[in-house]
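Here are some notes for a colleague who is opening this entry for the first time. Please read them with the sequence and the 3D view side by side.

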Amino acid sequence: MSTTTSKKLNVKTGMDTESIKADILSHLRYSLATDIETANKKEFYKSVVLSVMDRLHDSWLNTQKEYREKKTKKIYYISMEFLIGRLLDNALVNLNLEQEFRDACKDLGYDYEEIRDIENDAALGNGGLGRLAACFLDSMATLGLAGFGYGIKYDYGIFKQKIHDGYQIERPDDWLRFGTPWATTRPSVMYPVRFYGRSVPYTDEDGHLRFKWENTQHVYALANDIPMPGFRNGVVNNLRLWKATSPKSLDLTSFNQGEYINAVRDIELHENISRVLYPNDKIFVGQELRLKQEYFLVSSTLQDILREYKQQHDDLRDLPKYVAIQCNDTHPNLAVPDLMRILMDEEGFDWETSWDITVKTLSYTNHTVLPEALEKWPVSMLRNLLPRHLQIIYEINKRFINKVHEHFGDDVNRVRRMSIISEGEQPSVQMANLGIVGTHKVNGVAALHTDLIKKTIFRDFFEMYPERFTNKTNGITPRRWLKQCNKPLADLITSEIGDSWITHLSDLRKLDDKVNDKKFMKKYSDIKQQNKERLAAYVKENYGFELNTKAIFDIQIKRIHEYKRQLMLAIYAAAQYNYIKANPDAPVVPRTIIFAGKAAPGYAMAKMFIKLINSISDKINNDPDMEGKLQCFFLDNYSVTLAEQLIPAADVSEQISTAGMEASGTGNMKFALNGAVTIGTLDGANVEIKEEVGDENIIIFGLTVEGVEELRRSGYSSWEYYNADKALKQVIDQIRDGFFEPDHPSLFHTITNSLLDGNDYFLVLADYPAYAEAQKEVDALYSKPDEWFKVALYNTARVGKFSSDRTISDYATDIWGCEDQLNKGREYQGS
Ligand code: KOT
């Protein structure tokens, strides 16, 4: 008996193709009740993943055990979004088992790529903020930090986008329809999360006034864990996603009363908390369900953190020594009053002690300066849903306002600006202010962005607490965004300079010397061509459209938003069309412009941009005069997986936001790493990319932040720019007059009105002439392939700074106080 068990155990953790095959077969039979003859692809995929999980479990358990034994400081990254995408490739790369699994699939009659493509993206995020959280998990595990993600297991991730007659249609993303083999449900880890009720004062044994939160209703948060392996270091960290489940007692009582249907309906209502990810990007919509989601995440996570803490430590006053909690934007900032509540109401600490612990444990990241994105929860809503928290927030505010008076004297305007509670018709809680007051560090996500928050939205706070503000320029994980998504390039680099770059991205600088190595440069440019062809094959297969792989692949992929100015590239595409029509014999550098991105379902202007891009695309792609010269294409349902195919194929990376509006951007980093040349404004991390790659290796145009301010101050008139640039005027007239949509000529008036009568808030017209010039530079450079690829290689070679490993090391050192854990990552395992 015991021999069989141990034999089976050995087989399960074997790293060779044969034992992997045996496990896949065994999972088909014993986990899925099928066999290799009858299983379909989905079942085969599931068995493959279960076999990968078998190989993660020991490390997963050992890692947690080691953290416990060594009392390692734990880092908790709380985020409403984790845009982790597919996990199979990532797990195999990090376990160094890609080849073995490929071979195993092949031997069992399946193509690995086909199996990999079965996996639904875990699309539990809108864009940059959620993807950053995912890159951070990869880096924390790779650096050997005890870093844990905490989020929500939404039944529905970001909606699926379809394009119908040029319009965006949203469909639910039912990613869990067949379950996910990556998540392990932990029935033993479940907490009640309370809502409503009231705060009741009482006097404790020592005669102190205290409060109890009573008469609450609750729902349970059930833990679902997804393993997060580090890169070949034996570390497996955890992403814990909470699912809302109904309290058991409720259905029983109702059932006893014969109200079975009502009970079921109530269960539904409770479980709705984790039903769906809000699809709004940078627009605050104050819906109560969203507030419930935020508190659901915070409450369950804090309970979990404190339960773990108490198992290992006995004095909560040491919490900041062993625990750091990072709030990803303001969404989890109810952690401030909730931790205060727990420490005071449940643990019996006084205000001062609780406050000291809270501030030292928490920190908060700001991801945008856009005022419409800042969370402001109506006091009335909080009073109803979380009365005790509101009471604590008022007390925090009262004490804080006293400090403001001490610091600045009686400056009523300043007090009004800094108050956590904004008064007025509908008093509301300013979650950013709460975050700054209630945490020890606030960070921006790129140097320019951090400077901006200090000077603009948080200026008063910076003057009061300068030491709290710090910059942490974003980064991306080189595992997913080079090693996995661009294997040919990753292999070429490794064959030239070794593979240290995978965990020390700045080692790519060694490639600088290769610019004069003709053989190398030929391989480098061939890979780009190969990637373009691979993308073209995908587009042909899925859309029946043939991309011109000889053309510049000019790509803009990101959420559709006015400030990101997809409109500017669309205008450029139309202007190129007009130019070619007017000059049929003039030589042009062929271009294929590719867009992808989702618009928030309620964002009418962004949705109109999608329609416009599709209308312009139709005009261009159906005109034989454009053949071999110009194409324009909108790919639907932008996702992490699609990005992984598009980015390696890009020649040009469009990063053209109005200066001051993109906090950082991370797509810009992915493109540069994969050898695309950036055309961009001096915004977000573009500024730092320019510093790294050198002025000659990036095409910068347009207004700077100061230029934008100055232009607005001196009285910008978009009409002037419209009248001054013939090509621009022609395109705007065409958009306005129905040239691209003859059957509905006034369709795009909302767009042209906002540009002209609305005075073009995002300064598209102001920047357009400089942009068109910059595009000419692109053409000129691309016409000299040797020079082009030198510039491209300098991009690959010099963007090592933007590894999320660097970002995480900076957080570890300056915010989390766990720098001692860095570089203690275990030895590289395997070859
Ligand atoms: C959304 C809602 C409220 C506040 C902020 C956001 C937000 C910001 N969502 N995504 N972002 C992006 O975050 C990225 C990671 O820091 C940045 O690179 C990017 O510039 C932000 O737009």
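The points below take up the ligand and its surroundings, and then a pair of helices.

1. Before anything else, please keep in mind that this is a predicted model, and that the values quoted here are computed from it.

2. The shell around the ligand holds 18 residues, of which Lys282, His367, Asn474, Glu662 and Gly665 come nearest. By residue class, the shell divides into six nonpolar, eight polar and four charged residues.

3. The protein buries 93% of the 480 Å² that the ligand exposes when taken alone.

4. Turning to the helices, the axis of α13 (residues 351-361) and the axis of α15 (residues 387-408) come within 13 Å and cross at roughly 90 degrees. Because angles of 65 to 115 degrees count as roughly perpendicular, α13 is roughly perpendicular to α15.

5. Where these helices meet, α13 contributes Trp351, Glu352 and Trp355, while α15 contributes Ile392, Glu395, Ile396 and Arg399. The residues of this contact divide into four nonpolar and three charged, with no polar residue among them.

Key. Residues are numbered from 1 along each chain as its sequence is written. This is a predicted model: local features need pLDDT of at least 70, side-chain atom pairs count only at pLDDT 80 or more; totals for chains, interfaces and linings use all residues. Side-chain values use heavy atoms; hydrogens and water are left out. Axes are lines fitted to C-alpha atoms, for helices over the stretch in contact, and angles run from 0 to 180 degrees between N-to-C directions. Helices (H or I, at least four residues) and strands (E, at least two) are DSSP runs, numbered from the N terminus. Angles under 35 degrees count as roughly parallel, over 145 as roughly antiparallel, 65 to 115 as roughly perpendicular and the rest as oblique. Contact means heavy atoms within 4.5 Å. Ala, Val, Leu, Ile, Met, Phe, Trp, Tyr, Cys and Pro count as nonpolar, Asp, Glu, Lys and Arg as charged, and the others, Gly among them, as polar. A residue is near a molecule or strand if one of its heavy atoms lies within 4 Å of it. Accessible areas come from the Shrake-Rupley method with a 1.4 Å probe; for residues, only the protein chains shown count as cover.
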